[in-house]
Amino acid sequence: MTTRLPDEVPEAATLEFSAPHNWCDRRCERCLLSPECAVFLLSERARRQEIAAGRDPDSVESIWSRVEQQLSATVQMLEVECRDRGIDPSTIEGRERHASCEELEDQASEYLIALLDLVETLRRNPRALASMNLSDVDLDEVSGYGYLIAGKFGRVASYLTEEGILDGEVAAIDGAPNLLLIRRVLNELDELLPVQRLPRRPAAYLAAREDVRRRLEPLLAAVTGACDAHLEQLVRLGRAPSPFCVATCGS
Ligand code: SF4
């Protein structure tokens with residue numbers, strides 16, 4: 001399944017993104033596409049099986065087991081999608097890892113570490129949170145977004161050429177929406193943790209945040225325009241996943 005738009009939307013007719021579960025935030029509980037999403041439905045089935053087997057579906061073991069199954073299902077679905085489009089999946093798995101790929105992964109890891117450090121500091125200091133007017137911030141959500149950003153940067157990194165640009169059909173259909181997702185989630189994180197309200201100390205977080213934003217800029221510049229327009233149309237049609245379309249407040 002891809003997110004090809006209906007034929008009556010001519011300006012988007014030649015552009016496609018990979019299936020939405022490849023560029024969502026996995027917050028299925030608020031995602032408009034969950035009733036038809038294979039990843040969500042598989043996860044729910046696994047959850048019901050855990051309950052039927054007398055296990056706690058919310059235990060750490062069960063959650064990790066479902067994550068593992070979801071990852072495996074996602075890879076299989078992406079492979080099927082590639083085959084449907086005449087792309088040899090082995091050309092993806094066998095892609096050479098360039099220095100640009102490792103550099104981006106390292107930056108994403110540094111960003112995640114700095115963000116988790118900041119979250120831990122804030123968690124230990126509720127008074128500081130209150131003084132910054134951030135008592136209501138959901139720190140688990142902040143951490144989750146950090147993991148998501150780092151993971152998505154890793155995915156985008158796997159598509160980079162030696163010159164550090166996205167190249168190839170899979171990069172176009174899957175790398176592009178994932179870049180739009182990273183941009184969206186970074187902006188949401190800035191709303192959850194406004195940098196102007198943070199104490200001066202999280203220099204490591206601010207530096208890492210700047211690094212990933214600087215790195216994102218040229219990658220985004222190469223895909224925005226047509227991709228943004230395509231995403232906007234998907235959002236208008238309610239065909240984009242969370243966080244672009246959510247059950248409670250739209251896009
Ligand atoms: S967030 Fe939406 S698209 Fe992503 S896995 Fe969940 S239901 Fe599927």
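Predicted model: local features only at pLDDT ≥ 70, side-chain atom pairs only at ≥ 80, totals over all residues.
The protein chain has 9 helices and 0 strands.

**Chain overview**
- Read from the N terminus, the elements run α-α-α-α-α-α-α-α-α.
- The protein chain holds 251 residues, and 27% of them are buried.
- Take the contacts between residues at least 6 apart in sequence: 70% of these join residues at least 24 apart.

**H6 against H7**
- Helix H6 spans residues 139–157, and helix H7 spans residues 169–192.
- Their axes come within 10 Å and cross at roughly 155°.
- An angle over 145 degrees counts as roughly antiparallel, so H6 and H7 are roughly antiparallel to each other.
- The crossing of H6 past H7 is left-handed.
- On the H6 side, the contact is made by Glu141, Val142, Tyr145, Leu148, Ile149, Lys152, Phe153, Arg155 and Val156.
- On the H7 side, the contributors include Leu179, Leu181, Ile182, Val185, Leu186, Leu189 and Leu192, along with Gly175, Asn178 and Glu188.
- The contact residues of this pair comprise 13 nonpolar, 2 polar and 4 charged.

**H7 against H8**
- Helix H8 covers residues 203–223.
- H7 and H8 pack at an angle of about 135°, and their axes are 10 Å apart.
- That angle makes H7 oblique to H8.
- H7 passes H8 in a crossing that is left-handed.
- H7 brings Ala176, Leu179, Ile182, Arg183 and Leu186 to this contact.
- H8 answers with Arg213, Leu216, Leu219, Leu220 and Val223.
- By class, the contact has 8 nonpolar residues, no polar ones and 2 charged.

**H7 in both contacts**
- Leu179, Ile182 and Leu186 of H7 take part in the contact with H6.
- Leu179, Ile182 and Leu186 also meet residues of H8.
- Arg183 of H7 is listed in the contact with H8, while Glu188 of H7 is listed in the contact with H6.

Conventions. Residues numbered from 1 in each chain as written. Helix = DSSP H or I, 4+ residues; strand = E, 2+ residues; numbered from the N terminus. Buried ≥ 20, exposed ≤ 12 C-beta atoms within 10 Å, placed from the backbone. Contact = placed C-beta atoms within 7 Å. Axes fitted to C-alpha atoms, helices over the stretch in contact; angles between N-to-C directions. Parallel < 35°, antiparallel > 145°, perpendicular 65-115°, else oblique. Left-handed = near helix turned anticlockwise from the far one by under 90°. Nonpolar A, V, L, I, M, F, W, Y, C, P; charged D, E, K, R; others polar.
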